[in-house]
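Please look over the sequence and the structure first. A short report on selected features follows.

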Amino acid sequence: MTKKIYLDDIPLSEAWARFSAAMQAADKWQPIEGEDVSLDQALGRVTAQPIFAKISAPHYHASAMDGYAVRAEDTAQASDNNPVTLTQIKYVDTGDPLPGWANAIPIENVQVHENRVDALRGDSISDLQSPISIEIRSALTPWSHVRAMGEDMVATELVLPSNHILRPVDLGAIAGCGHNRVRVRRQPRVAVIPTGTELVPAGSSVNAGDIIEYNSLVLAAQVQTWGGVATRYNIVPDNLEQIVATVREAAATHDLILLNAGSSSGSEDFSAKVVETLGELLVHGIAVRPGHPVILGVISNLQSPIPIIGVPGYPVSAALTGEIFVEPILSKWLGRSANQQPTLQATISRKVLSPMGDDEYMRVTVGKVGSRVVATPLSRGAGVITSLVRADGIVRIPRLSEGVQAGDGVTVHLYRAPAEIDRTIVAIGSHDLCLDLLSQFIAEKSAMRLASANVGSLGGLIALGRGEAHVAGTHLLDPDTGEYNVSYIKRYLPDTPIVLMTFVYRDQGLIVPKGNPKKIRTLADLERASFVNRQRGAGTRVLLDFEIGKIGLSPESIRGYEREEYTHLAVAAAVASGVADCGLGIHSAASALDLDFVPLFKERYDLAIPKEFFESELMRPLLETINDSKFKDAVKNLAGYDIRGMGNIAAQLL
């Protein structure tokens, strides 16, 4: 028996070695058997054996176009000065078989010499398809304008090799050489079993403590994308006997089992016990982030051993476990190479510390800014599924490296085609819901896309200075002048020509629970309430510090001042969940989560755009959208926004 490991930091390579060795021993580490399917069901399937031509294509000498079949040898002396008249001729349409004596079809310098007379009608008929003779004024080479038998495929010729993914054109070739069925690899059958008493199906009404179950949906879709057939089981509660029974049932009819959640070591984490009960636990815990508590094992008390993977419950961990383990297994069984994502060399935009002993799969957005390709890290939380939705790719940080420094070169394993990266407008800076709306409108109107990373106003200006973004959202108030953004641009971007464009005016105020139970009306009330703040460098944080300074309120007197969120919606979510009594943010964020809003200030939110990009074709869709009346109407319908001045140039700093 292989040594069992329980929640240990096994390197990814060692975990793979243990798992593949166990599957080899179980005769499961080889291409799966084949099955015959009709051609209309074969698209995307993988050939299980070579395909040889049953007949030639074409299987006769065929006319390549409409014309007259002749013997090329009879035209050898033909020229403009010496036309040749041919009587051994036959009219053929494209695709018709040639008479046995013919080997060419003239298409130029041909003249009908004499037409037949239709005796039944008693008059001369101009019938180009049945002349007595034709006149030719140029010589022909044999097989001119003829598709010779076997031109495309010759009987017994190899048409497609085994382990080939069938494309639409392949189906045509298979049919064209005489087959109507093809032998392909059987699609691996994968059972996806979600577990957890706290789980509820998607679409259910939810209460506190309920978790919507969607990992099985993601995993099943991945399996289907990678060529398998997935069975999604109903949610199984945290009961060892029930989970064991479900896994045993699934193992009887499937090639692979994905047991989702319960892979850690809590009191209701039963996956490891299930595997031990039914077979052999090979690995419990892999040095990879996210996805540390992965389980690898084999269900062995069956006629044929079945591999099982305990998939972590956090959604990002679950999805990446699919990419790291499930896809290579399915590819092996289907006889093809494991998926190789396109890669791109990029510069990382900020310093990232990584756990010393883990291989980290870091999600990033990617854009080409000038001549540089820049990768910006996204949220690293294992539960943030939207970080994968927004990700353009993954940067793999190897164990023992401790992370990357800002400006380091990295390899991005892309989720998108490289051409999409070239069509990406990169926005880094302050978060605003209107940027999300702008992104939607740009995508609808053009082939461009807007990718944004929320790091705060000051972070956005610094990103512009480093050449990491095309545009930065900013609303930094200068406490000395009362002016927005200009002094900060002069300070942080002294050598970069910037066009400062007004985007929106918006209400800033206190986001509070429905009904405002603490009766919070002003910033002075923060002394008696718990608070959630924005991160340092955010324009909202600058505004807060300026305003509490004016009334003599110290940060130390505000409970929760040090708790930081990176977006207005995150602040609203903290209030909605009861983590805080209030937070400073924008009206639309409060409305989005059905919270109340106490308006305090009106501020201007600008877009800072380096002049070189402002005048570029890349930025044209963004600028046109901002001045589009439908976009302006959409912004106007959001709570707390004023579109006066939208699209106007507030300043040009050269």
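Threonine 156 counts as exposed, at 64% relative accessibility. The cut-off for exposed is over 50%. This is a predicted model. Threonine 156 sits in the loop between strand E11 (146-147) and strand E12 (158-160). Its phi is positive, about 80°, although threonine 156 is not a glycine. Most residues other than glycine have a negative phi, and most peptide bonds are trans.

Lysine 519 also has a positive phi, about 55°, and is not a glycine. Its place is the loop between strand E33 (498-512) and strand E34 (531-534). Lysine 519 is partly exposed, with a relative accessible area of 46%.

## Cis peptide bonds

Alanine 57 and proline 58 are joined by a cis peptide bond, with omega about -10°. Proline 58 lies in the loop between strand E2 (51-52) and strand E3 (62-63).

Another cis bond runs from arginine 289 to proline 290, with omega near -10°. Proline 290 is in the loop between strand E20 (288-289) and E21.

## An open sheet and its helices

Strand E21 also belongs to an open sheet of 6 strands. The order is E17-E14-E18-E22-E21-E19, and the pairing is mixed. Which strands stand at the edges? They are E17 (229-232) and E19 (279-284). Each has a single partner strand, so one side of each is left without a neighbour in the sheet. On average, neighbouring strands are turned by 20° against each other, direction ignored.

Inside this order, strand E14 (residues 189-194) pairs with strand E18 (residues 256-260) in the parallel sense, over 5 bridges. Proline 194 stands opposite asparagine 260 in E18. Strands of a sheet pair through backbone hydrogen bonds, either parallel or antiparallel.

Helix H1 (residues 12-25) lies across E19, strand E21 (295-299) and strand E22 (306-311). H1 runs at about 160° to E19. Helix H4 (residues 240-251) lies across E14, E18, E21 and E22. H4 runs at about 155° to E18.

## A buried strand

Is strand E37 (residues 596-610) largely enclosed or largely open? Of its 15 residues, 11 are buried, so E37 is largely enclosed by the rest of the structure.

E33 pairs with E37 in the antiparallel sense over 14 bridges. Isoleucine 498 has proline 610 in E37 as its bridge partner. Strand E32 (residues 472-474) also pairs with E37 in the antiparallel sense, over 3 bridges. There, the bridge partner of glycine 473 is leucine 607 in E37.

Which residues does phenylalanine 503 touch? Leaving out residues up to four places away in sequence, they are Cys434, Leu435, Leu438, Tyr605, Asp606, Leu607, Ile626, Phe631 and Met646.

## Aromatic rings

The whole structure holds 7 aromatic pairs. One of them is formed by tryptophan 16 and phenylalanine 19. Their ring centres are 6.3 Å apart, with 45° between the planes, and the pair is tilted. These two residues are 3 apart in helix H1, which means they are separated by about one helical turn. Tryptophan 16 and phenylalanine 19 are both buried. Ring pairs also link Trp16, Phe19, Trp29 and Phe325 into a cluster.

Phenylalanine 503 and phenylalanine 631 form a stacked pair, because their planes are at 20°, and the cut-off for stacked is under 30 degrees. The centres lie 6.3 Å apart. This pair links distant parts of the chain. Phenylalanine 503 is in strand E33, phenylalanine 631 is in helix H17 (residues 629-636), and 128 residues separate them. Both are buried.

A charged residue also meets a ring. Arginine 644 lies over the face of tyrosine 505, at 4.0 Å from the ring centre.

Definitions and conventions:
Residues are numbered from 1 along each chain as its sequence is written. This is a predicted model: local features need pLDDT of at least 70, side-chain atom pairs count only at pLDDT 80 or more; totals for chains, interfaces and linings use all residues. Side-chain values use heavy atoms; hydrogens and water are left out. Contact means heavy atoms within 4.5 Å. Two strands pair if DSSP finds at least two bridges between them. Helices (H or I, at least four residues) and strands (E, at least two) are DSSP runs, numbered from the N terminus. Axes are lines fitted to C-alpha atoms, for helices over the stretch in contact, and angles run from 0 to 180 degrees between N-to-C directions. Buried means under 20% relative accessible area, exposed over 50%, partly exposed in between (1.4 Å probe, protein chains only). Rings of Phe, Tyr and Trp (its six-membered ring) pair if their centres lie within 6.5 Å; planes under 30 degrees apart count as stacked, over 60 as edge-to-face and the rest as tilted. A charge sits over a ring if NZ of Lys or CZ of Arg is within 6 Å of the ring centre and within 35 degrees of the ring normal.
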